[in-house]
Amino acid sequence: MIASMDQMRVREFSTWFLLVSTFAAFSFGWSERISCDIQCDVRIYNTSSGPVADKLNVHLVPHTHDDVGWLKTVDQYFVGSNNSIQVAAVQYILDSVISALQADPNRKFIYVEQAFFQRWWRQQTSTTKKAVRKLVDRGQLEFINGGWCMHDEASTHYIDMIDQTTLGHRYIKEQFGKVPRIGWQIDPFGHSAVQAYLLGAEVGFDAVFFARADYQDVLQRRKDRTMEAIWRGSKSLGSSAQIFAGILANHYEPPDGFSFDIGSSNPPVQDDSELFDYNLEERVNLFVQRAQEQAKEFRTNHLMWTMGDDFAYEYAHTWFKQLDKLVHYVNKDGRVNAFYSTPSLYVDMKEASNETWPLKLDDYFPYADSENGYWTGYFTSRPALKGYVRKLSAYLQVARQLELIVGRKDLGLSSDSLEEALAVLQHHDGVSGTEQQHVASDYTKRLFLASVESESLINAALAQLITGKSRLAGYVGRLQMVTNEISNNYGHQAIKETGSSSMNFQQCPLSNISYCPPSEADLTGKSLAVIAYNPLGWERKETVRITVSDYKLDVFDSSGNLVPSQIIPVSQTSTKLRERHLRSIQKPIVSDEPLFELLFECSTPPLGYSTYYVKPSQNDSYSAEHSLIEENIQSHGAHAKSNSVQFTFSSSTGLLERLKRKDGVEVSLEQSFCWYNASDGNTEETRGQASGAYVFRPNTSSCFALGYNVTTSSVKGSLVEEVHQQLTSWVSQVVRVFKDSENAEVEFTVGPIPFEDQLGKEIVTKLSTDLESNGVFYTDSNGRDFIKRVRDYRSDWELEVHEEIAGNYYPVNSGIFLSDNSTDFSILVDRSIGGSSISDGELELMVHRRLLHDDGKGVAEALNETTCLDDSSTCEGLVVRGTFLIDVRPVNESAFWRRNLIQRKLFPLQLVFSVVNDEDGQFNISEYSAMEIGYQLPPNVALVTLQELHDSSVLLRLAHLFEIHEDDLWSNVAVVNLQNIFANHKIKKVEELSLSANQKKSEMKVKQWQIENDDMEGVRYIRSSGFLEDGYQIELRPMEIRTFSVTLE
């Protein structure tokens, strides 16, 4: 029996050996046909291939996508800490990639995020830096996109997008002398028109690539072979600012089966026939199959494969070893041609093909990845963070301007830290609100610490200007003349010059909750100096509002003239917010004395400041008008009116119901608050898709009324009238109308959103008119162009409607409006939020969100923001306070109003306070403008950037605010005299640059594309360039932004 078993085993082994030998012989024979050269068992792979004209070319693009914060903080991602959340360490990715590139001169790699690269770069030795520069010069390492981060495209403002891109491009230019050629927006959740024409073509990019587009759109484009198109994002700039745009074939990952990261389950290319699992033929065949499949969906014989993923290449050798094999063996096989490449080379090949391309207009919003997966919730997610970013963006511009005016080197302080912190926040998991809570806290901390330095900078700069001790000291006489002229223009008398030795400047970043210690100081024997700095290039006259501890006050301008003022008691809502804040920072509430809001009219020159003095009244005949709050007025109805408009509130509901203008325009205008019940994912239609940080998915189309019993009170006065409304215990608002305004400001306070019923809530305010809008409304693109939206419609494909609410939401950065062709109804916002028009004549804004479930899109947390009080043992839902403006006016007037108010809301007056002793008198230079006497920018031109760089050159950007045909008067060419912007300096040299200031405008090269079905073919778009004959005068045409490097004497 034993012998018999042995004989059987011998026979089984012989059979097995015969089969293996036969297979090995077959495999060896096939591998001989395409194998590498073998010398002493060392395989040498030929990776030197490039494009071949008559073959299908596969461009292999090694890359890593490194989030500048998401599940971990930006620094945790860089150093590789907190790996219990995610294993990722960018410093090792860069270490590993550089080593791998040095091993083979044919290998290539692209890198994007300068926030990480610059952290890594400053840690390297001079030897390593030299080696990296060599790789860059040889084209092995290429920077694409090149911004500080890969910014979001929905929640970002165009100025912030420009700033963060410029910051990254500046480092690349200084360190490597290179100019990025490609936009690489592979992960943002939808794509804006501004990204295409402004942060694409106007930056100088040849193309932009991205991975996310609506799943219905992508399905249609795959069928039509329109995944790549010529994107013309601006109707004003047309073909002069178009760009080649491509949707990536495989998200931003490799084709299925070809991921080679260290933890990948995909098999490597096993080409050693002496080992088990030999798969060379199988891997080459699959490569060819994937290429041929993709070729059916793309035009020309060039395909791009993105060989990487999130935080890939930490062990770069695992990728490059397999890619070397694929390049070698696929080319030996000969059916397709594969080689290391970059998007730049890929676009060059696309241009050289002379292919005709489809045309894409407008944008790629909203984005959905499934029937119920509309990524429109993040338009509003973390609204407090969004508001903080917008506020500090304006603050950065103030700091930069004063840094230039006083002198960067003289201050010893810098706005650089705030510039970098804000650049980080533009990341598509930053201001978007889609990061984990601890990351959001880290972002906020970075912003706060950076703002503290800029606060010191602003205080120091103003102190130097006011005392005449800045680098402009030689111009003191000139400054005095300027301020005297300004005083005369406003009917003031000459300024009294006295000492200012006791100045101590302070600011109030929490003035929105009526918390301002410097302005609340006891002024016995003292005065409160209020310096109002105006960062706009226009004169402005506005009502200033500060918190004070007394109502017996007088306000004077710098010439000693009494200024009209009004006193209003601080509301109960604001008082509660103050107390809540003090508890959150564990600071005792020191007094129960009532507080007041002091309002007064403030006039400021362009790019300058004015000073006002608040003093205790010497007797009971104080000048400030004391307005009391009239309680419980709902029974007879409330109203708030100005000289031009009246808003009326319902006597039955207490809510806004009508608007009437002085010119006779009258519309029904009803406001309400309601909430969408956030889906938990367990719905009958589709299981698993909850509403979360990314996705907005209500479980019904109904928006549930708050069930409020409105308590209404009002304030009447000569400067402002207000209607205060407490709708529920957690929703209140103030509707205020200023004396000279034609619109209303709505200040809402929402939260903590109740959770006791275990229902996630998306809080919305709706404003309904009787205008017939026919399903059409308009939203801004990153604060720039307004784009037409049509409910339940997409211009690029026939939309199948599955989410009638979420599928009609769009990002609103600055404003949203609708029209009936004679009257416009507009809303302007103070931060990025989501908005829509679900019913004709109605606009709605989502102002806050609090959710119970994660939406399964990666962040792995429910969006449940809280504030912890006292000793952190008590945590409540986040309270959000914000403002928006509402306006109704004739169509021919509305564009100017929107553009003007957007700028004023974007760049508010920056208030700085100093308590001065009476004996010190007033400041030496109480008013100042950096511009020429009597000069201001045209109303259709905005000052976007005024920044002194490290080389002492000045970066200047000016923007035309209007689109073509938007306004009969202001959609025309504007003329600006650059010398008038620099009143105290003579311009020595001016050079026009690209938008990101990394190349001369005259040297920018534009690729030419053939476009199919182009209705605008032959239309020539004239662009401004050079200077007019008279000195440094320039032109700006609709929607143009021109960037200059200015050298001052």
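The pLDDT is the predictor's confidence in each residue, on a scale from 0 to 100. In the structure described here, which is a predicted model, the protein chain averages a pLDDT of 90, and 91% of the residues reach a score of at least 70.

In soluble globular proteins, nonpolar side chains tend to be buried together. The largest nonpolar core of this model has 245 residues, and those with the most contacts inside this core are Trp184, Tyr313, Ile886 and Leu958. Helix α12, which spans residues 383-406, contributes 12 residues, the largest share of this core. For Ile886, when its neighbours within four places in sequence are left aside, the residues in contact include Phe647, Leu656, Leu669, Ala744, Val746, Leu767, Phe825 and Ile827, as well as Asn743 and Ser826.

Helix α11, formed by residues 343-352, has Pro343, Ser344, Tyr346, Val347 and Lys350 as its buried residues. When α11 is viewed down its axis, these buried residues fall within an arc of 160 degrees, and therefore they line one face of the helix. Just after α11, Asn354 adopts a positive phi of about 60 degrees.

Methods
Residues numbered from 1 in each chain as written. Predicted model: local features only at pLDDT ≥ 70, side-chain atom pairs only at ≥ 80, totals over all residues. Heavy atoms only, no water. Buried < 20%, exposed > 50% of the residue type's maximum accessible area, 1.4 Å probe, protein only. Helix = DSSP H or I, 4+ residues; strand = E, 2+ residues; numbered from the N terminus. Arc of directions from axis to C-beta. Core = buried A, V, L, I, M, F, W, Y, C linked by side-chain atoms within 4.5 Å. Contact = heavy atoms within 4.5 Å.
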